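Please walk through the structure shown here, with attention to its charged pairs and to one of its strands.

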Number of protein chains: 2
Amino acid sequence: MQHPENNDLYKGLKVNKGIADVPMINPYLKRVRRKELTVDDYVKGILDGNITLLSRAVTLIESQLASHQEMAQQIIEKCLPYSGNSMRIGITGVPGAGKSTSIDTLGMHIIKQGRKLAVLAIDPSSEVSGGSILGDKTRMEQLSREKNAFIRPSPSAGSLGGVARKTRETIVLCEAAGFDTIFVETVGVGQSETAVHSMVDFFLLIQLAGTGDELQGIKRGIMEMADGIIINKADGDNVQKAQLAASHYRNALRLFPKAESGWDPKVLCYSGYYGIGIKEIWDMLDAYRHHAIDSGYFTEKRLKQTKWWMKETIEDALRDSFYHNTDVMNLLPEIEDHVLNDRMTPFTAAAALIDKYFSWIRQNTNQG
Amino acid sequence: MQHPENNDLYKGLKVNKGIADVPMINPYLKRVRRKELTVDDYVKGILDGNITLLSRAVTLIESQLASHQEMAQQIIEKCLPYSGNSMRIGITGVPGAGKSTSIDTLGMHIIKQGRKLAVLAIDPSSEVSGGSILGDKTRMEQLSREKNAFIRPSPSAGSLGGVARKTRETIVLCEAAGFDTIFVETVGVGQSETAVHSMVDFFLLIQLAGTGDELQGIKRGIMEMADGIIINKADGDNVQKAQLAASHYRNALRLFPKAESGWDPKVLCYSGYYGIGIKEIWDMLDAYRHHAIDSGYFTEKRLKQTKWWMKETIEDALRDSFYHNTDVMNLLPEIEDHVLNDRMTPFTAAAALIDKYFSWIRQNTNQG
């Protein structure tokens, strides 16, 4: 990627400060002595399923150094033809719904099917999620000891767009390394659900039984995204409550218009802690995969998602260039004041700012 | 609004071909002989509640002539301080749900409260809606004879963004002319709901009883936008079915997260044709208005909407400039091919196009 000389004109795609070295929680991942590896070393290692090299390549993706970024992009590009052969599952639920335990238990079930599982996350700030995926080593106690599981926390800082991009690029590398099942975790209270929804094949919503009728703090619109709702803590005294909640959800989902996939979202009860109903969740995911592959929707959706990311990235760059333009920044407060006090419509205000922006570009590039 | 000289660089805000002269369906609106009116003539007329001048000003808004557009913008700007004093209601429902009859009956009830009602529409193409708001004069038989009703069809052609903008500008003029209740109608199957949702205070969804469990052809996501769902044709043998449907909707809405407004969406049964339950609908709208004004949400939402339109208009112009750029258009097919065949990530593809765009701008403005 070329960087234009004029930085005020074009800020480039946002790449945020990454983590130089993340702690390992899986004892199977041994530190190797750092030496300068070539792009081909990385690619070969990843295609061989070398987890250490996969992990180091992800660190390059997360780095903000231009040289790292360049290398990362080359690695990703060479891995692209080997990617795609997986089931990508987005998992959301508010803090307290039992996401970690559920991922741990469901993940173990998946690994026992002979599959390889990568668990990624998309929430950049631990303030929102109340603890990053890595913060607590015991969060995924069983998975973190499995050699067929690759758990990677979300980069600890950065814009949502930046983190989402890194997560999506990490998926490519994981798939090239042979991981055939990808979990992307998010907390379900922020802005990240659209981003997750746009990188997974199946969107799973975890809810709790027995905390009243309402979706517990989940954002509006998320329920309509869900391909499956699973109700946790359906154990002991809670079983009946969970089943009642499930029947409420089923009735509600029937009122929704048919999804584009032609798939009717399922509602299941389970217990992440006691491992009840886990097989049924995986069976549902598997049934969806067959359904979507048979109908051609699986590929169709992935192509749509790819186009979406391209469009989003372009618009992000255009917005960035506009809102960071000095003239626009100087004029904006005054214009906003006019608009909010009914002296200008939002349309004329927008036109005035757009004029300013393009005339700045004309003037400043004439001097260059 | 200034137009930059370089048209390839900046296409300006989309203004579509308007209708020079729309037929009148209200006998109270007498044609006056066309003479050249000044901006102040228009503004004075509108503030006096002169419907003929209001109507002609809306025609200026819809015109694609630059001179008309300039005049329209001046009129709107002068009317802005007198606008805002109304209840804006978005009404959606699939064709066949009985929107016209419902608007006619509810509108008459509203006028009998001493209010003045403007009925606007936002669906540009009659192919989608299956008949424009004006196509059938008998669609709003009672309202079209009322002098306190102003019915204005959607411009017959144009992009959604363009039509939405015109509708929103028309609201300003209607309010300045003393209309204190605004209906914005849409068909509920297209892309227009977000636009409508972003210009109204209350979003009303019309559904039919007795056609099965599912939302009849309504787009996903619309139900979560609704502040109220009203179930039509609750008359005769249909009453029980309607009540059953209402109770299903109520249960489903309880599962949704609380709306930002703090308002719990209501579900009502009525009959547009027999005029049953109409008072209750208006009472609901009125209750919402009081609720939102008391909580401060009414003003807060309108400010948010204004900002949203400004942002949308800016991004529309940026996108337009980008995607109409010759170099971008030439490169796009090749890049898309790379992306869809896994030779490039959507991110590097976007970066390549963005680089091309800004380097085109630098080169071409250097020659200017």
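In this predicted model, Lys304(B) and Glu300(B) both sit in helix α11 (residues 297-323) of chain B, where 4 residues, about one turn of the helix, separate them. The two form a salt bridge, with 3.7 Å between the closest N and O atoms. Lys304(B) is partly exposed at 42% relative accessibility, and Glu300(B) is partly exposed at 38%. Salt bridges with shared partners also connect Lys311(A), Glu315(A), Asp316(B) and Arg319(B) into one network.

Another pair lies in helix α10 (residues 278-295) of chain B: Lys279(B) and Asp283(B) are 4 residues apart, so about one helical turn separates them. Their side chains meet in a salt bridge at 2.6 Å, N to O. Lys279(B) is partly exposed, with a relative accessible area of 47%, as is Asp283(B) at 32%.

Over all chains the count is 30 salt bridges. One of them joins Asp201(A) to Arg302(A), with the closest N and O atoms 2.7 Å apart. This pair links distant parts of the chain, 101 residues apart: Asp201(A) is in the loop between α7 (192-197) and β5 of chain A, and Arg302(A) is in helix α11 (residues 297-323) of chain A. Asp201(A) is buried, at 2% relative accessible area, and Arg302(A) is buried at 12%.

Strand β5 (residues 202-208) of chain A has 7 of its 7 residues buried, so the rest of the structure largely encloses it. In a regular strand, side chains alternate between the two faces of the sheet. Both faces of β5(A) are covered, with Phe202(A), Leu204(A), Ile206(A) and Leu208(A) buried on one side and Phe203(A), Leu205(A) and Gln207(A) buried on the other. Strand β1 (residues 87-92) of chain A pairs with β5(A) in the parallel sense over 4 bridges, and Ile89(A) stands opposite Phe202(A). Strand β6 (residues 228-232) of chain A also runs parallel to β5(A), joined by 5 bridges; there Ile230(A) is the bridge partner of Ile206(A).

Note on methods:
Residues numbered from 1 in each chain as written. Chains lettered and ligands numbered in written order. Predicted model: local features only at pLDDT ≥ 70, side-chain atom pairs only at ≥ 80, totals over all residues. Heavy atoms only, no water. Buried < 20%, exposed > 50% of the residue type's maximum accessible area, 1.4 Å probe, protein only. Helix = DSSP H or I, 4+ residues; strand = E, 2+ residues; numbered from the N terminus. Pairing = 2+ DSSP bridges. Salt bridge = Lys/Arg side-chain N within 4 Å of Asp/Glu carboxyl O.
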